[in-house]
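Dear colleague,

I am handing over the structure below, together with a summary of what was found in it. Please read the summary with the structure open beside it.

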Amino acid sequence: MKYKFKSRTVSSEITPQDIYHDRRRVVKSLMALPAAALLPTSAQAGTALAAAPHPDYSLEKRGYDGLTPKKKALSYNNFYELGTGKDDPEFNKDLYSPEPWTISIEGEVNKPRTFDIDQLRKLATMEERIYRLRCVEAWSMVVPWIGFSLSNLINAVEPTGNAKYINFLTFNPEELFPDDANRAIPWPYSEGLRMDEAMHPLTLLTFGIYGEQLPTQSGAPVRMIIPWKYGFKSGKALTKIIFTERKPHTSWNLLQPSEYGFYANVNPEVPHPRWSQSSEKALTSSLWVERRPTEKFNGFDEVASLYSGMDLNKLF
Ligand code: MTE
């Protein structure tokens with residue numbers, strides 16, 4: 001489904017009263033929500049973001065064949081707030097503006113804080129890391145991500161002793177563009193990590209891709225990348241990070257618990273109920289569909305110790 005927002009006329013005359021009032025309520029609540037800008041603009045698209053390549057996450061060190069072409073990686077996306085088709089997120093990239101933007105850090109922390117996106121970008125040194133993102137739909141892409149370890153943010157807000165999990169939330173499309181919001185999954189998009197997973201140095205708070213700030217379809221202005229987990233764990237366009245004592249509810253798990261577990265570690269031995277996870281379609285410049293074998297933990301063996309003693313067939 002394509003949104004029609006570009007030609008949409010907003011007027012009280014042609015809008016049913018209840019929707020009109022609802023929109024006014026939404027606009028009011030958005031005014032109290034500095035995270036969201038109402039005017040659609042792609043002002044930040046293409047803005048350079050400097051970062052030194054991390055020596056451990058280069059093509060050579062990871063044994064990757066090559067990068068996914070930028071054009072492909074930025075036009076084949078999952079971002080259901082902007083539509084459920086792979087090309088919808090790029091087509092609908094003006095549905096929200098990533099600037100200005102704030103992100104609030106709440107819950108079990110001694111120093112709760114709301115960051116302006118510029119403040120957050122300056123919290124630690126940006127690094128470029130080439131990670132393969134493996135999607136649960138059995139495709140993967142190799143991309144230069146820019147960001148820093150999430151542990152920098154966690155340390156800055158000082159979790160309390162009760163903090164066992166972290167919940168990552170995206171803006172709610174039903175508040176931001178009520179006329180165009182679909183009902184594909186329970187909003188807001190919610191994902192979570194156990195505290196030790198969130199603190200792992202591989203876990204990247206991500207601001208850029210291919211040397212530039214994240215374009216909207218990739219989750220501007222800030223998203224997660226957890227390279228040993230299926231792509232759905234990496235929430236885009238984050239507005240809230242909540243430290244919790246209990247395991248948070250997560251969108252895909254709520255929708256279909258038998259198909260999408262909380263851990264979602266890449267695992268060729270545990271098939272999705274409707275398809276195998278033993279191989280994946282690599283998004284490359286080739287016209288041919290290239291399949292490659294999927295690696296456990298997406299090749300990041302160093303995280304195995306986080307799960308020692310756990311039955312990963314049951315806790316998938
Ligand atoms: N984050 C939000 N807010 N909404 C989404 O629909 N899709 C997830 C994840 N993050 C999604 C999201 C899924 S299923 C995948 S595979 C990755 O984003 C895709 O990231 P990419 O489009 O940059 O490849």
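The sections that follow take up the sheets, the aromatic rings, the ligand surroundings and the backbone in turn. Please keep in mind that this is a predicted model.

**Strand 5 and its partners**

Strand 5 covers residues 139-149, and eleven of its eleven residues are buried. Its pairing with strand 4 (residues 127-134) is antiparallel and extends over eight bridges. Within this pairing, R132 has V142 in strand 5 as its bridge partner. The hairpin of strand 4 and strand 5 has four residues between the strands.

Strand 5 also pairs with strand 8 in the antiparallel sense, here over five bridges. In that pairing, S149 stands opposite L204 of strand 8. With strand 12, by contrast, the pairing of strand 5 is parallel and has two bridges. W139 finds its bridge partner there in K281 of strand 12.

One of the bridges can be located by its residues: T102 is partnered by D116 in strand 3.

**Aromatic rings**

A pair of aromatic rings is described by the distance of the centres and the angle of the planes. The count for this model is 16 aromatic pairs. In one of them, the ring centres of F148 and F207 are 5.3 Å apart and the planes stand at 40 degrees, so this pair is tilted. The pair links distant parts of the chain, since F148 belongs to strand 5 and F207 to strand 8 (residues 204-209), 59 residues apart. F148 is buried, with a relative accessible area of 1%, and F207 is buried with a value of 1% as well.

F232 and Y260 form another aromatic pair, which is edge-to-face, with 5.5 Å from centre to centre and 80 degrees between the planes. This pair also links distant parts of the chain, 28 residues apart: F232 is in the loop between strand 10 (223-225) and strand 11 (238-244), while Y260 is in the loop between helix 9 (251-255) and strand 12 (279-282). Both F232 and Y260 are buried.

Ring pairs also join F79, Y96, W101, F171 and F177 into a cluster.

Two lysines lie over aromatic rings. The charged end of K86 sits over the ring of Y76, at 5.9 Å from its centre. K233 lies over the face of F262, 4.2 Å from the ring centre.

**The ligand**

Which residues are closest to the ligand? They are Y80, E81, R223, S234 and K236, among the 17 residues that surround the ligand. The side chain of E81 has an N or O atom 2.8 Å from a nitrogen atom of the ligand. For K236, a polar side-chain atom lies 2.7 Å from an oxygen atom of the ligand. N77 has a side-chain N or O atom at 2.9 Å from a ligand oxygen atom.

**Backbone geometry**

Most residues other than glycine have a negative phi, and most peptide bonds are trans.

- The peptide bond from E99 to P100 is cis, with omega near 0 degrees; P100 is in the loop between helix 4 (88-91) and strand 2.
- The peptide bond from A220 to P221 is cis, with omega near -5 degrees; P221 is in the loop between strand 9 (212-213) and strand 10.
- A138 has a positive phi near 70 degrees. This residue lies in the loop between strand 4 and strand 5 and counts as buried at 8% relative accessibility.
- F297 has a positive phi of about 55 degrees although it is not a glycine. F297 is in the segment after strand 13 (290-293) and counts as buried at 5% relative accessibility.

With kind regards

Technical notes. Residues are numbered from 1 along each chain as its sequence is written. Side-chain values use heavy atoms; hydrogens and water are left out. Rings of Phe, Tyr and Trp (its six-membered ring) pair if their centres lie within 6.5 Å; planes under 30 degrees apart count as stacked, over 60 as edge-to-face and the rest as tilted. Buried means under 20% relative accessible area, exposed over 50%, partly exposed in between (1.4 Å probe, protein chains only). A charge sits over a ring if NZ of Lys or CZ of Arg is within 6 Å of the ring centre and within 35 degrees of the ring normal. Two strands pair if DSSP finds at least two bridges between them. A residue is near a molecule or strand if one of its heavy atoms lies within 4 Å of it. A polar contact is a pair of N or O atoms within 3.5 Å; within protein, one must be able to donate a hydrogen and the other to accept it, and residues adjacent in sequence count only if both atoms are side-chain atoms.
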